[in-house]
Amino acid sequence: MSTFEQLNLSKQQLNALHDLGFETPTPIQAQSFSVIMSGSDMVGIAQTGTGKTFAYMLPIIRSLKYSEQLNPRVLILVPTRELVLQVVEEIEKLTKYSNLRVLGVYGGTNINTQKRAILEGQDIIVATPGRLYDLALSKALKTSDIKKIVIDEVDVMLDLGFRFQLMNIFEILPQKRQNIMFSATMTDDVDALINDYFIAPKKVSIAVSGTPLDNIAQTTYNVENFYTKANLLSHLLKDKETFSKVLVFVSNKRRADLLFEVLNEIYNDELCIIHSNKTQNYRIRSIKQFEAGENRILVSTDVMARGLDIEDISHVINFDTPNFPENYMHRIGRTGRAKKEGKSILFTTAHEADYRIAIEALMDYKIPVLEFPKEVEISEKLTREEQPKEKEAYNPHKTTDGFVKGAAFHEKSEKNSKINQGGSYRREIAKKYKKPKTRGDKNFNKRNKRK
Ligand code: CDP
Ligand code: MG
């Protein structure tokens, strides 16, 4: 497939794509089109930033006839509120020359405003699961005419955190409907669930789950502890030209707030933060400021890891090593989008070494380790969670803010050596995360690359 003209698109769609400057469909767009048009259930797997949104929107919009009916006919479910906003924007770009009505709904905002908007009549609803279900229960949203449902980021949506909400939604949808699912990663569990819940879904797989993008240059550092990580990050960020738009992932809200506090002393005006305890307005503002380049550095939890398409992020820094290897793929996937070059840097403590091994096993790629810069100070200050547990209750030096000053994080060399062990443990983890047959044919990628 060489141009969009060769897909069976409408004149309006072609004009909209032309305005966006897009001429050729990406592989996932080209290969999903006819499958979705045929009406069968489908699962699409393709790497981050390869155009999955339009892969489902092009055929859906193509087959959605103009109608004045009030009840929505298409439902798109995504895991975060920010992603709702983004997908709505993408649909608006694509429907610039047609009269389709699209509405985004999500929690943390006034539900009555959303109810009124739904009652005006909509064609496509983009939603987070919780709010969608609340709107359906309140009868503001009628689900009886929904013919197609898209579950974007399907692996996380069918994971335990979301699964029950999703099951509730399935129960109130018409039995006869088309289920369309997309993600960059797939786990065995989710794969099995998909086969149980959906009717003979066709698989369109551009890359095996966990295939890293060549255009993201990955590196990693072995780092002692939280405050040493902060020192290293601070050191790297000094180079404003290279580190021009930096997304920093931290494992939880508490650590995000703490890192923000520490960095704030130096990078005050250049810094913003997002996590699920911030108000929705604050979250949106942080992303806008980062996107527009008003703030160079965004500190975030995994709330930003999935799906968000922000232009020209120069670096993704994994301040903490994620313990689900798939999350690493999604985090680094915020850079290197639409074939651009991106860089990712992973900080790993001895305690996190096993997580990195699992990530490397998933990708089938060993991340090059960079030498820890001599000029960066190794901190001996420990966070509360880094303090040796058994000592905590008896520690007379504990300060009120929960930090122990001067307590060394001992056994450094021994613990760090574990990272490079490569022994039986590594093999065990590799076995656990080995690519199952259902994830597709690994050689498929190699064959395609050669062409
Ligand atoms: O969902 P996924 O991570 O695969 O990527 P996306 O967010 O749908 O799209 C990534 C970027 O590619 C967006 O900025 C699109 O505007 C752009 N793009 C596209 O989707 N299709 C093309 N044919 C060309 C560019
Ligand atoms: Mg996406």
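## Glu352 and Lys229

The side chains of Glu352 and Lys229 are joined by a polar contact of 3.0 Å. A polar contact here is a pair of N or O atoms within 3.5 Å; within protein, one must be able to donate a hydrogen and the other to accept it, and residues adjacent in sequence count only if both atoms are side-chain atoms. Glu352 sits in the loop between E13 and helix H14 (353–363). Helices (H or I, at least four residues) and strands (E, at least two) are DSSP runs, numbered from the N terminus. With a relative accessible area of 7%, Glu352 is buried. Buried means under 20% relative accessible area, exposed over 50%, and partly exposed in between (1.4 Å probe, protein chains only).

A word on the model itself: it is predicted, so local features need pLDDT of at least 70 and side-chain atom pairs count only at pLDDT 80 or more, while totals for chains, interfaces and linings use all residues. Residues are numbered from 1 along each chain as its sequence is written, chains are lettered from A and ligands numbered from 1 in the order in which they are written, and side-chain values use heavy atoms, with hydrogens and water left out.

## Aromatic rings

The structure holds eight aromatic pairs. Rings of Phe, Tyr and Trp (its six-membered ring) pair if their centres lie within 6.5 Å; planes under 30 degrees apart count as stacked, over 60 as edge-to-face and the rest as tilted. One of the pairs is Tyr221 with Phe347: the ring centres are 6.1 Å apart and the planes stand at 75°, so this pair is edge-to-face. It links distant parts of the chain, with Tyr221 in strand E8 (residues 216–222) and Phe347 in strand E13 (residues 342–348), 126 residues apart. Tyr221 and Phe347 are both buried.

The rings of Phe226 and Tyr227 have their centres 5.2 Å apart and their planes at 75°, so they too are edge-to-face. Phe226 is buried, at a relative accessible area of 0%, and Tyr227 is buried at 8%. Together, Tyr221, Phe226, Tyr227, Phe319 and Phe347 form one aromatic cluster.

## Lysines over rings

Lys381 lies over the face of Tyr227, at 4.5 Å from the ring centre, and Lys278 lies over the face of Tyr282, at 4.9 Å from the ring centre. A charge sits over a ring if NZ of Lys or CZ of Arg is within 6 Å of the ring centre and within 35 degrees of the ring normal.

## Around ligand 1

Which residues are the closest to ligand 1? They are Gly49, Lys52, Thr53, Asp309 and Arg337, out of 16 residues that surround the ligand. A residue is near a molecule if one of its heavy atoms lies within 4 Å of it. The shell divides into three nonpolar, nine polar and four charged residues. Here Ala, Val, Leu, Ile, Met, Phe, Trp, Tyr, Cys and Pro count as nonpolar, Asp, Glu, Lys and Arg as charged, and the others, Gly among them, as polar.

Oxygen atoms of the ligand come up in several places. One is 2.5 Å from a polar side-chain atom of Asp309, another entry has an oxygen 2.9 Å from an N or O atom in the side chain of Arg337, and an oxygen atom is 3.2 Å from a polar backbone atom of Gly51. The protein covers 86% of the 540 Å² of accessible area that ligand 1 has on its own. Accessible areas come from the Shrake-Rupley method with a 1.4 Å probe; for residues, only the protein chains shown count as cover.

## Some loop residues

Lys139, in the loop between helix H6 (129–137) and strand E5 (148–152), has a positive phi of about 70° although it is not a glycine. At 60% relative accessibility, Lys139 is exposed. Ala338 also has a positive phi, near 50°, in a residue other than glycine. Ala338 lies in the loop between helix H13 (325–332) and E13 and is exposed, with a relative accessible area of 59%.

Gly108 is in the loop between strand E3 (102–105) and helix H5 (111–119), and is exposed at 53% relative accessible area. Gly108 and Asn281 are 173 residues apart in sequence and 9.2 Å apart in space, C-alpha to C-alpha.
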